[in-house]
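The following exercises are each followed by a worked solution. Please examine the sequence and the structure before turning to the first one.

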Amino acid sequence: LQCMKAPQRDGNPDRQGWEKLPNEVLNCDQCSLAKLRRHVVFGAGNRRARWMLVGEAPGAQEDKEGLPFVGRAGQLLNAMLAALGLKREEVYIANVLKCRPPNNRDPRAEEVAQCEPFLVRQIELINPSIIIGLGRHAVHSLLKTDLALGKLRGTKHDYHGIPLIATYHPAYLLRSPQEKRKAWDDLRLAKSIVEAT
């Protein structure tokens, strides 16, 4: 999918786009996840954000509340942002999938294919200075690769002209706290890129 030219951050956000896109996502029934969801988890945050964070899919708590990253992983993500001097409301957070896969199973290729245009449009509308891909599935979807996350992190990638940093998903860090130092290094790299723009 080719990214269209995004609006400039110093202009007005594309009001029409922001009015239409949530309704398109809410009314989507293109895959089986639509029948199972409690809520669509569209995304949340500052629509003029310089930082955009992309996860893989909503979990149980997100499906219940209709917001991304509100469970334990979300609490860790908030702490990670705070360590960077960022408040959650300053960034924009979205997922590749807008509906929860049952039992938090991995997203399927056909589900990603159906949902991806929504994420692409969100990125176009926000036009962030940097994208943080949180976890293997998000990074693979954004970069169109199947390389191991360990080989993708620690370096700057390009998403249609926007710098992209790959790092571990907060849920993984809760299970593997020894990897938090690497995730912190990734976020510091992202911060240096943003500060240089």
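Contact means heavy atoms within 4.5 Å. The model is predicted, so that local features need pLDDT of at least 70 and side-chain atom pairs count only at pLDDT 80 or more, while totals for chains, interfaces and linings use all residues. Residues are numbered from 1 along each chain as its sequence is written, and side-chain values use heavy atoms, with hydrogens and water left out.

**Exercise 1.** Determine where serine 141 is found and which residues it touches.

*Solution.* Step one: serine 141 belongs to helix H6, residues 136–143. Helices (H or I, at least four residues) and strands (E, at least two) are DSSP runs, numbered from the N terminus. Step two: serine 141 counts as buried because its relative accessibility is 9%; buried means under 20% relative accessible area, exposed over 50% and partly exposed in between, with a 1.4 Å probe and protein chains only. Step three: with residues up to four places away in sequence not counted, serine 141 touches Val96, Val112 and Glu116.

**Exercise 2.** Identify the residues with the most contacts inside the largest nonpolar core.

*Solution.* Step one: a nonpolar core is a set of buried Ala, Val, Leu, Ile, Met, Phe, Trp, Tyr and Cys residues joined through side-chain atoms within 4.5 Å. Step two: the largest one has 58 residues, and Trp51, Leu53 and Ile132 have the most contacts inside it. Step three: H5 gives the largest share of this core, eight residues. Step four: leaving aside neighbours within four places in sequence, isoleucine 132 is in contact with Trp51, Met52, Leu53, Val54, Ile165, Thr167, Leu187 and Ala190.

**Exercise 3.** Describe the geometry of the aromatic pair of tryptophan 18 and phenylalanine 42.

*Solution.* Step one: rings of Phe, Tyr and Trp (its six-membered ring) pair if their centres lie within 6.5 Å; planes under 30 degrees apart count as stacked, over 60 as edge-to-face and the rest as tilted. Step two: the whole structure contains three aromatic pairs. Step three: tryptophan 18 and phenylalanine 42 form an edge-to-face pair, 6.3 Å centre to centre with 80° between the planes. Step four: tryptophan 18 lies in helix H1 (residues 15–26) and phenylalanine 42 in the loop between H2 and strand E1 (44–45), so the pair ties together parts that are 24 residues apart in sequence. Step five: tryptophan 18 and phenylalanine 42 are both buried. Step six: ring pairs link Trp18, Phe42 and Tyr92 into a cluster.
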